[in-house]
Amino acid sequence: MKKIILTGDRPTGRLHVGHYVGSLKERVKLQNSNEYDEIYIMIADAQALTDNAEHPEKVRQNIMQVALDYLAVGLDPEKSILFIQSMVPQLTELTFYYMNLVTVSRVQRNPTVKAEIQMRGFETSIPVGFFCYPISQAADITAFHATVVPVGEDQMPMLEQCKEIVHKFNSVYGETLTDPQIKLPDNASCLRLPGIDGKAKMSKSLGNCIYLSEEPEEIRKKVMSMFTDPNHLRVEDPGQVEGNPVFIYLDAFCRPEYFAEFLPEYENLDQLKDHYRRGGLGDVKVKKFLNNVIQAELAPIRERRKYWEQRLPEVYEILREGSRKAEQKAAQTLREVRHAMRIDYFEDNNLLK
Ligand code: TRP
């Protein structure tokens, strides 16, 4: 069986470091392992429109931003097919067929949908399209026969729902669809990066993000203003490392060699943590170190982004060519699906048989 990756992001804003450690970094790693036969990375504009119907211009503007972020982190159009969701109309068709295999109450029980409905204050006025987006996400994944879906932890319920649809489809219409596996980052601190304000999630709407395209001075200000242990008032006080955003970020971003480079009086992160716990280590010192670490991680990304910003027509071509290839692949799957569902009427005069 071929090894195929599909994943993507909604173009509702630039991508931030939470996206990076939670999923983008993993994708680049998988891409460069050369173990995958096909890799599809999707800009999910149709999904973004499910709760942005009145803001199409926002979605449109962010397509290029997300594409630039993808190229900036090292997704390579020679190895990964970058495409735009709505340019592959087969995904909508597939969604429509899958809708018959899912109950309203099952979608209502989807924890991600539940949380998002609450966050957006939809409650009684949920757009039908938004409500159905887990089903459309199953279409995205299965249209490419994806075997592996590298995403953040928040997408786990989507994958579960997708698997259910795959099993249901295959048991009703015969073995057709591929059962996908989720791929989370191995580093637990990367699963859900908190915001710089210490809130559970980094999110554009909460205004607590560090963006991948951020300038060095902005990053420094944000890091130095980060929430830490509120009980660590004086340098000599013992501090708490667990749940402390500054240390969670260090867990997520720090490489061993950064100690020699930026903080040679410690050998590794464990030593630094021990000192903080004992007391006698100030937040400013730890934040300065974290700032150096994040700057070192983001500098090459920012540079690559600037390179591609000078070449927007090329980025446009990458998306256009990627969308063409993605459509070809999805069209093949739709032929299989229509055959399985016995709605391929005009193939070989089927309707007459
Ligand atoms: N829901 C994802 C997000 O919010 C985007 C997405 C759409 C996706 N379809 C997908 C992710 C299919 C993985 C697989 O970022």
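Is Cys254 buried or exposed? In this predicted model, Cys254 is buried, because its relative accessible area is 18% and a residue counts as buried when that value is under 20%.

**Cysteines without partners**

A disulfide is a covalent bond between the sulfur atoms of two cysteines, and the structure holds zero of them. To see why, one can look at how far apart the sulfur atoms lie, since a disulfide requires a pair of cysteine sulfur atoms within 2.5 Å. For Cys132, the closest cysteine sulfur belongs to Cys162 and is 15 Å away, which is too far for a bond. Cys254 is likewise in no disulfide, its nearest cysteine sulfur being that of Cys190, at 12 Å. Cys132 is also buried, with a relative accessible area of 12%.

Rolling a probe the size of a water molecule over the atoms shows where empty space is left. The largest pocket has a volume of about 1300 Å³, and 48 residues line it, with His19, Glu116, Asp154, Gln155 and Lys201 lying nearest its centre. Several elements contribute to this lining, for β1 (4–9), α1 (17–32), α6 (111–119) and α8 (133–142) each supply at least two of its residues. Sorted by class, the lining of the largest pocket has 17 nonpolar, 17 polar and 14 charged residues.

The second largest pocket has a volume of about 320 Å³. Its lining includes Asp45, Arg60, Gln61, Met87 and Tyr316, and both α3 (56–73) and α15 (312–340) supply at least two residues of that lining. Here the classes divide into six nonpolar, three polar and three charged residues.

**Around the ligand**

Which residues come nearest to the ligand? There are 14 residues around the ligand, and those that come nearest are Met42, Gln47, Gln137, Asp140 and Gln155. Gln155 is also listed among the residues nearest the centre of the largest pocket.

| Residue | Ligand atom | Distance |
|---|---|---|
| Arg10 | oxygen | 3.2 Å |
| Gln47 | nitrogen | 2.8 Å |
| Gln137 | nitrogen | 3.1 Å |

**Buried residues in loops**

A polar atom of the Asn110 side chain lies 3.0 Å from the backbone nitrogen of Thr112.

Asn52 is found in the loop between α2 (45–49) and α3, and with a relative accessibility of 5% it counts as buried. The side chain of Asn52 is joined to that of Lys58 by a polar contact of 3.0 Å.

His145, finally, has its place in the loop between α8 and β4 (148–150). At 14% relative accessibility, His145 counts as buried, because the limit for that word is under 20%. Compared along the sequence, His145 and Phe346 are 201 residues apart, while in space the separation from C-alpha to C-alpha is 24 Å.

Technical notes:
Residues are numbered from 1 along each chain as its sequence is written. This is a predicted model: local features need pLDDT of at least 70, side-chain atom pairs count only at pLDDT 80 or more; totals for chains, interfaces and linings use all residues. Side-chain values use heavy atoms; hydrogens and water are left out. Buried means under 20% relative accessible area, exposed over 50%, partly exposed in between (1.4 Å probe, protein chains only). On a 1 Å grid over the protein atoms alone, a cavity is a set of points where a 1.4 Å probe fits but cannot get out, and a pocket is an open set with protein on both sides within 12 Å along at least five of seven lines; lining residues have an atom within 4 Å of a point. Grid points are joined across faces, edges and corners, and a volume is the space filled by probe spheres set on the points. Helices (H or I, at least four residues) and strands (E, at least two) are DSSP runs, numbered from the N terminus. Ala, Val, Leu, Ile, Met, Phe, Trp, Tyr, Cys and Pro count as nonpolar, Asp, Glu, Lys and Arg as charged, and the others, Gly among them, as polar. A residue is near a molecule or strand if one of its heavy atoms lies within 4 Å of it. A polar contact is a pair of N or O atoms within 3.5 Å; within protein, one must be able to donate a hydrogen and the other to accept it, and residues adjacent in sequence count only if both atoms are side-chain atoms.
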